[in-house]
Amino acid sequence: MKLEDFELGGTQLKASDFKTGKVLTTEWKPDLKYAWDNGVAIGRYLAEFKEGRIIARVCHKCDRIMLPPRMFCELCFRPTDEWMYVKDTGVINTFSIAKVNWDASRRGPKEPPLLPAVIEIDGASEGMGIMHMLGEADPKDFKIGMKVKAVWKKPEDRTGAITDILYFKPVAAGTEDKNKGRPEGRGKEVR
Amino acid sequence: MGMRKVAIVGAGITKFVRRAQETGKELSWQASKMALESCDLTLDDIDMVTLGTAPDAFDGVHMKGEYLADGAGAIGKPYMRHYVGGGTGVFSPIHGWFHVASGMADICLVVAEEKMSSCHPHPQGAFLTIFDHTTEQPLMPTLIWIFALEMHRYMETYGISKADIAQVSVKNKRNAMDHPSAQVAGNITVEDVLSSETLCWPVNRLDISPASDGAAAIVIASERVARRLTDKPVWIDGIGHSIDTAYWATRDLSYPRYVETAARMAYDMAGIKEPDKEIHIAEPYDPFDYKELHHMEGLMLCPRGKAAQLTADGITARDGNMPICPSGGALGVGNPIAATGLMKIIEIFLQLRGEAGKRQVPGNPRCGLAQAWGDLMQMGTVVVMRS
Ligand SMILES: [Zn+2]
């Protein structure tokens, strides 16, 4: 068989077909609302955000300090063992300079680009990144491998949400944490 | 492993278009009918039907499998729908293979459909809901963000430039000029890609495949039936699929480990020891240009970080030593997600039969591979085929 020997289906509609009314349209705009349960691990994670802290969960079998925290280890398939605070600093694993919004609409000419990033959090196991935003510096000044620190909302404005951190900003030169190694940079253990 | 041999014996496809007049059911019917005609079968000959289609949110119909069943020829038959994000279309023949290899069916119709245009203002909006609802959605992410994040990390790890990557888009859009289903084929330059609109640096408009409507279908059969139906069965000799965690930000973004895991499963089954020598032709998933390179490396068709060089050297061109995406891929033919994966399977089917027309690669390829990937950069699907 050859594709070329068949009359293929699929008829392209043109924008003009809609403008001229050749194609009639009807619209549905769903207005669904959800109230999600966060479970124990993410519930505590977000409650700690309200306090301006980041908390991880540790599995003693594989020795991972995990972000986001989870009550079971998906690799060992057993319960995780303890809570552990990690730092609110980290290293940029990667980032983008985004000129589109979530629905692919374009940012306006006066709107700054969004700077989504993966940030590996200090104190968590190597490679344990979270997605968050960068800010407070020119997009061109950010580099992969750069040390950054969370900028929190004012305590009274926090709601226990991932957005209680506004963004991560570059750590000013000279104030960098010298304990770069991650496992030994473990935070204080809590119950 | 006690499984029966399975072959592809027929194929059908629609044009890929930005917005089709046809409904999803009608597109499915067009592709299915063509697949049956291509091997002189009727629906009565079909024992079972499988269907692949991606998020229900595109259509706003929250039971797409059931909704599309009429168009897929499934009424009154055993029928199953599968969905693994962008990996769906290459999972489709795997799903059909289960039925035939196990002995449950002798002939299975495998259909893949996507109609993305129903979702407004843009189907990208539907992807917001694949992210974690409390730890990620409040940041209002798009899929383009995380592709940009992955592409940046890939570039940084291996010292690859945007121009190196843009060559993939140039090659695939040019290859697609010979594909009768193509939506965005064209003769463009690296400079065109680099100067197209920056969406999420480092991703520009022409680094990305389009949103599309379209459908594809194949007929697969057990060895005994396949030999009766055609002189040129194309054997599904290896299947592989593997999933990684949805905690995507905790992974090495420079290397698709889940693709390697899926590839190893398929290669073991097909008895492939040296994929770079034994695979003559491949259709890795290329929704973004860097993904073709990323996936070639995950498929172990070249060492890590070296796929861009193979592209620059013309090795992956249609007349090169290892043609990659001779169809024109998602970047050129278009990307109706589930249908794209099956389009890639169909391209390898036609290439191995020497029936790819102007797209035919020289040298009588005997072994080919199609691969797709999906969800939160975590699902790998691989099929190895031989003539
Ligand atoms: Zn563990």
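**Exercise 1. Determine what share of the contacts in chain A with a separation of 6 or more comes from residues 24 or more positions apart, and describe the chain as a whole.**

Step 1. A contact means heavy atoms within 4.5 Å. In chain A, residues 24 or more positions apart supply 55% of the contacts with a separation of 6 or more.

Step 2. The model is predicted: local features need pLDDT of at least 70, side-chain atom pairs count only at pLDDT 80 or more, and totals for chains, interfaces and linings use all residues. Residues are numbered from 1 along each chain as its sequence is written, chains are lettered from A and ligands numbered from 1 in the order in which they are written, and side-chain values use heavy atoms, with hydrogens and water left out.

Step 3. Helices (H or I, at least four residues) and strands (E, at least two) are DSSP runs, numbered from the N terminus. Chain A contains two helices and twelve strands, and its pattern along the sequence is α-α-β-β-β-β-β-β-β-β-β-β-β-β.

Step 4. The radius of gyration is taken over C-alpha atoms, and the globule rule is 2.2 Å times the number of residues to the power 0.38. For the 191 residues of chain A the rule gives 16 Å; the radius of gyration is 23 Å, well over that value, so the chain is more spread out than a compact globule. The C-alpha trace of chain A spans about 65 × 45 × 40 Å along its principal axes.

Step 5. Buried means under 20% relative accessible area, exposed over 50%, and partly exposed in between (1.4 Å probe, protein chains only). Of the 191 residues in chain A, 46% are buried.

**Exercise 2. Identify the protein donors of the zinc ion and the geometry of the site.**

Step 1. Donors are N, O and S atoms within 2.8 Å of the metal (3.2 Å for Na, K and Ca); water is not among the atoms, so sites may look incomplete. The SG atoms of Cys59(A), Cys62(A), Cys73(A) and Cys76(A) are the protein donors, at 2.3 to 2.4 Å from the zinc ion.

Step 2. Four donors count as tetrahedral if all angles lie between 85 and 135 degrees. The angles among the four donor atoms are 103 to 115 degrees, and the site is tetrahedral. Ideal angles for four tetrahedral donors are 109.5 degrees.

Step 3. Along the chain, the donors follow the spacing C-x2-C-x10-C-x2-C. Cys59(A) lies in strand E1 (residues 54–59) of chain A and Cys76(A) in the loop between strand E3 (72–73) and strand E4 (78–79), so the pair ties together parts that are 17 residues apart in sequence.

Step 4. Cys59(A) is buried at 0% relative accessibility. Cys73(A), in strand E3 of chain A, is also buried, with a relative accessible area of 0%. Leaving aside residues up to four places away in sequence, Cys73(A) touches several residues, including Cys59(A), Cys62(A) and Arg78(A).

**Exercise 3. State which residues lie on each side of E8(A) and which strands are joined to it.**

Step 1. Strand E8 (residues 116–121) of chain A has six of its six residues buried.

Step 2. In a regular strand the side chains alternate between the two faces of the sheet. Pro116(A), Val118(A) and Glu120(A) lie on one side of E8(A), and Ala117(A), Ile119(A) and Ile121(A) on the other.

Step 3. Two strands pair if DSSP finds at least two bridges between them. Strand E6 (residues 89–95) of chain A runs antiparallel to E8(A) and is joined to it by five bridges; Gly90(A) stands opposite Ile121(A).

Step 4. Five bridges also join E8(A) to strand E9 (residues 129–133) of chain A, again antiparallel. Here Val118(A) stands opposite Met131(A).

Note on methods:
Tetrahedral: all angles 85-135°; square planar, octahedral: opposite > 155°, others 65-115°.
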